[in-house]
Every structure is written in C-alpha cells, then in structure tokens.
Amino acid sequence: QVQLVESGGGLVQAGGSLRLSCAASGRTFSNHVMGWFRQASGKERELVAAMNWSGAWITYADSVKGRFTISGDNAKNIMYLQMNSLKPEDTAVYYCATRETWKTTFNYWGQGTQVTVSS
C-alpha cells in the first residue's frame, strides 16, 4: 500500500525559507510522477511542482518559479520541496502526491502539512 508522509511545514516570516519532505513507501516509484500541491483556505488545490524520479522532467507553477525547487532522493524514496523567498500568499496546506506515469490523475496523497508565512 502506497504511503506518503509529509513533514517540514511551519510558521515562517516573509522572505524566509522552508524545506518540505515527503517520504514515500509501499512500492517502487521509478515509474511514478511525484508532485507537490497546495490548498489555501477558501481556494482550490493547485499544483506547485512535479517531477519524475529521474529528474528528467520537472514543472513548476508560474507563481513559484525561481523560488521553489523540487528534488528527490531515489535511494531513500524521499521527495523535497525547497521553498525560498516565501510570501504570505504561499500560506496553504501542502500535499505530496504521486501517480503512475501513464495516468493523468494523481491517485495517492499524503495527509498534508501546514505552511504559514507571516508578513
């Protein structure tokens, strides 16, 4: 059974940094796409960044380009989201998710971790 466990959220001042981690278990993820999503209060969930495990394909939301970096440690099955120059509008619950490469919908989700950026 696939399990995704996020960690690293918290409260940070604007301009600060946080690194989120997502520990994945339950199968081999070499044929998966991994992604970070976020959902702010009263808003729809949005894709923040995604990658395949090889790192050959990476995509970012326009709102985080140049500030956030997604990466993965294949040996440990851990995905990271390094978030720099944080803004109050980055405040949200951040979710880790995964799907098989041949699917279009992310079908496994973590429980989420809160990121709050104060102004």
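Predicted model: local features only at pLDDT ≥ 70, side-chain atom pairs only at ≥ 80, totals over all residues.

Reader: In which strand does V117 lie?

Author: V117 belongs to strand β11, which covers residues 113-118.

Reader: Which residues does V117 touch, leaving aside its neighbours within four places in sequence?

Author: Contact here requires heavy atoms within 4.5 Å. By that criterion, V117 is in contact with V12, Q13, A14, L86, K87, P88, D90 and T91. As for E89, its C-alpha is 7.6 Å from that of V117, while the two residues stand 28 apart in sequence.

Reader: Let us turn to another strand. How many residues of β8 are buried?

Author: Strand β8 runs over residues 78-83 and is mostly covered, with 5 of its 6 residues buried.

Reader: Which strands pair with β8, and in what sense?

Author: Strand β3, residues 18-25, pairs with β8 in the antiparallel sense over 6 bridges. In that pairing, L18 has M83 of β8 as its bridge partner. Strand β7, residues 68-73, also pairs with β8 in the antiparallel sense, over 6 bridges. There, D73 is bridged to I78 of β8.

Reader: What do β7 and β8 form, and how many residues stand between them?

Author: The two strands form a hairpin with 4 residues between them. In the turn, N77 has a positive phi of about 55°.

Definitions and conventions:
Residues numbered from 1 in each chain as written. Heavy atoms only, no water. Buried < 20%, exposed > 50% of the residue type's maximum accessible area, 1.4 Å probe, protein only. Pairing = 2+ DSSP bridges.
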